[in-house]
Each structure stands twice: as structure tokens, then as C-alpha cells.
Amino acid sequence: RTLHLGNGAIQSAMRISRPWDLELAYTRAMMAYLLFHDSPDRVWMIGLGGGSLAKFIRKFRPQTQITAVEIDERIIAAARAHFELPPDDESLQVVHGDGAAYVAGHPASTDVILLDGFDHGNQVEALATEAFYTACRSALRPQGVLVVNLWGSDRQFTEYFERLLRAFDGEVCWLSVMGKTNIVVFAFAEPGAREKLTARMPLLSQFTQHYGLDFDRFARELQWPVT
């Protein structure tokens, strides 16, 4: 089952027999934040889609508190009616609101932000400004990670990426997905991401076994800025 927003681009997908699985490659890549922060207490999603990431985290790490902020009530309704997103409870809260405003209003409040902000196949500009990326950094707790899904073919991709570099003082890395169809960028509130990755390398097989994702490949394929 797939979710579309006004065009043929797939915004979310769900296998009906396994509604918690991550069917789209870019959503699996976004979970590579666990390479850098493997036990977050709080995760925010800016952009809900069909709720794939929320369902996955809820199943495999139920102790994490998830807040998903979505501006379009129709998407929230579709996720609940057609994509088996559960009702709000102690581990999940869905907020109908503006993601940019929510981030700006909650400094130092979350460990991970999963940003997947598209409208009719295009990046939502309000969720791709340097000011917004800076607000995301301020919203992260120490050691926090911002994860951004970008279209590799977007004409403004280079500008969005450079905004992220400036907002996070160059503390970023990224994964190319499906031949650069998607570029998933990881931006870090503090320096030291490479050292964290090195320290977690012995644990990757455990991560893979628990989550069913190829963390060894994620670690191999991560790209870093040239310094």
C-alpha cells in the first residue's frame, strides 16, 4: 500500500502483512542514526507520511518516546486509517502543526530529529532554510543527531546541503540511496561522530540482528566531507 501527495512520487509504503517494516530504502537509511546515538530517549519526526518510521521505532525500541509533527490533517487521517499507525499513547504522540514552529519552540528537547518534509514531490522550503536547520541544532540535546532526507536530483540540493554544513559547522555525513535518488544527511550537534562510529563497529552485527537492517553496509557507505 502506498501514499502519494498529488503526483506519482511514493511518499510512504507499507506491506500489509508486516506493517512495521521499512519498505522504502531511504527510510531504512534514515535509521542509520543508531550508529551515532543507539539509545535515544526522544525522537521527533517532522513530516509523518504513513508513519513508517514511527511504527518501526515503536516495535523495535518501545522505550523511545516519539513525537511526529504533521501540518496536513489529511495525512494524519490517512496514516491512521490506511497505514495502521496506532493511536497516541505513552510512547507516541502525533501533533497537528507546523514543524518549523514546533522545532523553534522546543530548545534542547530531543535526541534525534527525523526530517522528511516534502509537498507534492518538492522539498518544503520552510523546512530547508539555514535558520530552520540552526533551530534543529538548538532543539537537539548534547550528542543529538538531525537526519534529513533530501532528493538527490533537486535543483537546490547543493544549496540545501551547504545550509546544513553551515548550520552544523561541517559536522555531517551522508548516505546515497538508490543511485542518489535520495541523499540522507546526518548532522551532529557536537563533534566526534567518527569516533562514535568507530567505537560502535563491534556492535554492528547485534544491531543488524535486532533491527533487521544492514548496519555494516551503512557504516561502509557513509561519506564524510573532505577536511
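## A tour of the predicted chain

Select A108 to begin: this residue sits in the loop between α4 (99–104) and β6 (110–115). The model is predicted. Check the backbone of A108. Its phi is positive, about 50 degrees, although A108 is not a glycine. For background, most residues other than glycine have a negative phi.

Next, select E84. This residue belongs to the loop between α3 (73–82) and β5 (92–96). E84 is another residue other than glycine with a positive phi, near 55 degrees.

Now zoom out and show the whole chain as a cartoon. The secondary structure comes to 9 helices and 11 strands. The radius of gyration is 16 Å, close to the 17 Å that the globule rule gives for 227 residues, so the chain is as compact as a globular protein of that length. The spans are about 45 × 35 × 35 Å.

Stay with the whole chain and look at its contacts. Take those between residues at least 6 apart in sequence: 69% of them join residues at least 24 apart.

Of the 227 residues, 53% count as buried. Colour by charge next. There are 22 positive and 27 negative charges, and their mean positions are 5 Å apart.

Hide the surface and go inside. Select Y33, F36, L114 and F186. These are the residues with the most contacts inside the largest nonpolar core, which has 47 residues. Which helix gives the most to this core? Select residues 52–60: helix α2 gives the most, with 5 residues. Then move to a second, separate core of 32 residues. Pick out A100, A139, F157 and F168, which are included in this second core.

Finish at N182. This residue is found in strand β11 (residues 182–188). Is N182 buried or exposed? N182 counts as buried because its relative accessibility is 8%, below the 20% cut-off. Now show its surroundings, leaving aside neighbours within four places in sequence. What is N182 in contact with? Select these residues:

- Y26
- N149, L150, W151 and G152
- L175, S176 and V177

Note on methods: Residues numbered from 1 in each chain as written. Predicted model: local features only at pLDDT ≥ 70, side-chain atom pairs only at ≥ 80, totals over all residues. Heavy atoms only, no water. Helix = DSSP H or I, 4+ residues; strand = E, 2+ residues; numbered from the N terminus. Rg over C-alpha atoms; globule rule 2.2 N^0.38 Å. Buried < 20%, exposed > 50% of the residue type's maximum accessible area, 1.4 Å probe, protein only. Contact = heavy atoms within 4.5 Å. Lys, Arg positive; Asp, Glu negative; His and termini not counted. Charge placed at Lys NZ, Arg CZ, Asp CG, Glu CD. Core = buried A, V, L, I, M, F, W, Y, C linked by side-chain atoms within 4.5 Å.
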